[in-house]
Amino acid sequence: MINIAVLGYGTIGSGVVEVIDKNSDGISKKVGDEIRIKHVLDLRDFPGDRVESILVHDFDIILNDPEVTIVVEVMGGVEPAYTFVKKCLLAGKSVCTSNKELVAAHGPELVKIAKERNINFLFEASVGGAIPIIRPLCSSVTADKILEIKGILNGTTNYILTQMDTQGWDFDKALSKAQELGYAERNPEADIEGHDACRKIAILSSLAFGRNVNYEDIYTEGISKITAMDILYARKMDCKIKLLASSENIDGKYYAMVAPFLVKSSHPLSGVSGVFNAIFVKGSEIDDLMFYGSGAGKLPTACAVVADVIDAARHLNENIQTIWSEEGLALTGCENATRRFFVRVSGKRSGCEAKINEEFGEVDYIEPEEDTEGFGFVTPALAEKSFDEHLRNIPNVLGRIRFE
Ligand code: NDP
Ligand code: HSE
């Protein structure tokens, strides 16, 4: 019998208990032993719930229980998660977590402690929900040099953008529904301002490039400024708006960014809808790999956490190697990245056409289908820095979105 404890009985924690209960026979066969949930830690009580009799409010009960060998951390946030996880690892208990805030902030240290103790710190569910991406990066593609990672890494924002586009919902309605469905972070600002995707691309980049990428160094923009009008223009240009997270190794210089992009309908990422996520990994020899699946949600994510529990149970006194150096990786700014931009302007086109052409040369003008004020235009490809300089001279700009 392998005893585990679950820290946090919210969306994912209750999913972990449900998956283990539902699939206990299959899980036991895969582990070669029975997995028993001995304790569940939460702040609240759950009268009448399946976990009522195993619920604890004192973390020390779990820490000091020598029978507990694997701890699942699904509380979220950096503290007290970091303190609890570190104490568990130092006490010789393996930890499986879905908490990207924790992993992005303390990943290398926790990986190191697990290695020193010959146990495991596993975090497959911290990126891409149900999508296997951490394991492939740590084991399947290690023979190659990774050049680029690009994808949709946040389920909530992809759900919001999809509902705005296909159902005509406004932003707030789509966000409320994403919260109701259990996709959003406790503070959904992390989703809509891009911080969640930023932490995820930092984790993937650290594993892919072999040195630690500090998420605070990544240029990040969210989707809170995207309006129904932007979606209308996107449709006119045969595009979808997607929050993309990317990182690249170009001739030994490393770049990373999170921002909304206009993606042509012919691009595979444009068809990734709702809560689904997709991640491209480009290697110098393997070329493109694409990973696709549910990026958030109770049971899909819980399955990824439980798969880590199974792996930890199969390797109780053996560290599964994760290479995540504490040495930092310096990122180069994106100001020289060259791309086209869509710009939306209020007022009449005739009033500022000359100025736009003077600043940007030949642009493509886009008129909205509906009888609305304003117009849009698409610039030729130019560096971010140069675009910003020219845009400053254009009056009445309502917003701009990059083209993928
Ligand atoms: P929830 O807020 O639903 O659950 C967290 C649970 O932990 C709550 O029941 C909360 O109790 C409890 N908790 C918080 N602090 C403590 C504490 N100090 N001691 C004991 N219990 C505590 O979050 P989710 O389940 O949605 O997410 C959990 C983690 O998984 C997060 O890191 C999230 O980013 C990540 N994740 C979530 C996904 C999703 O689809 N939801 C997908 C992938 C990853 P209370 O409510 O009383 O505060
Ligand atoms: N809030 C996150 C998302 C959960 O929507 O992608 C999955 O990490």
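**Chatting through a predicted model**

Q: How far is an oxygen atom of ligand 1 from an N or O atom in the side chain of Asp42?
A: They're 2.7 Å apart. That makes a polar contact, which is a pair of N or O atoms within 3.5 Å (within protein, one must be able to donate a hydrogen and the other to accept it, and residues adjacent in sequence count only if both atoms are side-chain atoms).

Q: What kind of model is this, and how are things labelled?
A: It's a predicted model, so local features need pLDDT of at least 70 and side-chain atom pairs count only at pLDDT 80 or more, while totals for chains, interfaces and linings use all residues. Residues are numbered from 1 along each chain as its sequence is written, chains are lettered from A and ligands numbered from 1 in the order in which they are written, and side-chain values use heavy atoms, with hydrogens and water left out.

Q: OK, back to ligand 1. How many residues surround it?
A: 23 residues do, and the closest are Asp42, Ser98, Lys100, Glu185 and Gly297. A residue counts as near if one of its heavy atoms lies within 4 Å of the molecule or strand. A polar side-chain atom of Ser98 sits 2.7 Å from a ligand 1 oxygen. Ile12 uses its backbone instead: an N or O atom there lies 2.8 Å from an oxygen atom of ligand 1.

Q: Which residues are around ligand 2?
A: Among them are Lys100, Asn154, Gly155, Thr156, Tyr183 and Glu185. The side chain of Lys100 has an N or O atom 2.5 Å from an oxygen of ligand 2. Gly155 gets to 2.7 Å with a backbone N or O atom, and a polar side-chain atom of Asn154 lies 3.4 Å from an oxygen of ligand 2.

Q: How big is the largest pocket?
A: Its volume is about 1,200 Å³. Of the 47 residues lining that pocket, Val74, Met75, Gly76, Glu185 and Arg186 are the closest to its centre.

Q: Which helix gives the largest share of the pocket lining?
A: H10 does, with 4 residues. Helices here are DSSP runs of H or I with at least four residues, strands are runs of E with at least two, and both are numbered from the N terminus.

Q: And by class, what lines the pocket?
A: 14 nonpolar, 21 polar and 12 charged residues. Ala, Val, Leu, Ile, Met, Phe, Trp, Tyr, Cys and Pro count as nonpolar, Asp, Glu, Lys and Arg as charged, and the others, Gly among them, as polar.

Q: Which domains does the chain have?
A: Domain 1 (2-129 + 298-323), domain 2 (135-295) and domain 3 (335-403). The bounds come from an automatic or database domain assignment. The pocket lining takes at least three residues from each of domain 1 and domain 2. The C-alpha centres of domain 1 and domain 3 are 50 Å apart.

Q: How many cavities of 30 Å³ or more turn up?
A: There's 1 in the whole structure. The largest cavity holds about 50 Å³ of space, and its lining includes Val111, Lys115 and Phe121.

Q: New topic: what order do the strands of the open sheet take?
A: The 6 strands go E3-E2-E1-E4-E5-E6, with parallel pairing. Strand E3 (55-56) and strand E6 (121-122) are at the edges with a single partner strand each, so one side of each has no neighbour in the sheet. Strands pair if DSSP finds at least two bridges between them. E5 (residues 94-97) and E6 have 2 bridges, and Val95 has Phe121 as its bridge partner in E6.

Q: Where does Pro80 lie?
A: In the loop between strand E4 (68-73) and helix H4 (81-90). The peptide bond from Glu79 to Pro80 is cis, with omega near 5°.

Technical notes. On a 1 Å grid over the protein atoms alone, a cavity is a set of points where a 1.4 Å probe fits but cannot get out, and a pocket is an open set with protein on both sides within 12 Å along at least five of seven lines; lining residues have an atom within 4 Å of a point. Grid points are joined across faces, edges and corners, and a volume is the space filled by probe spheres set on the points.
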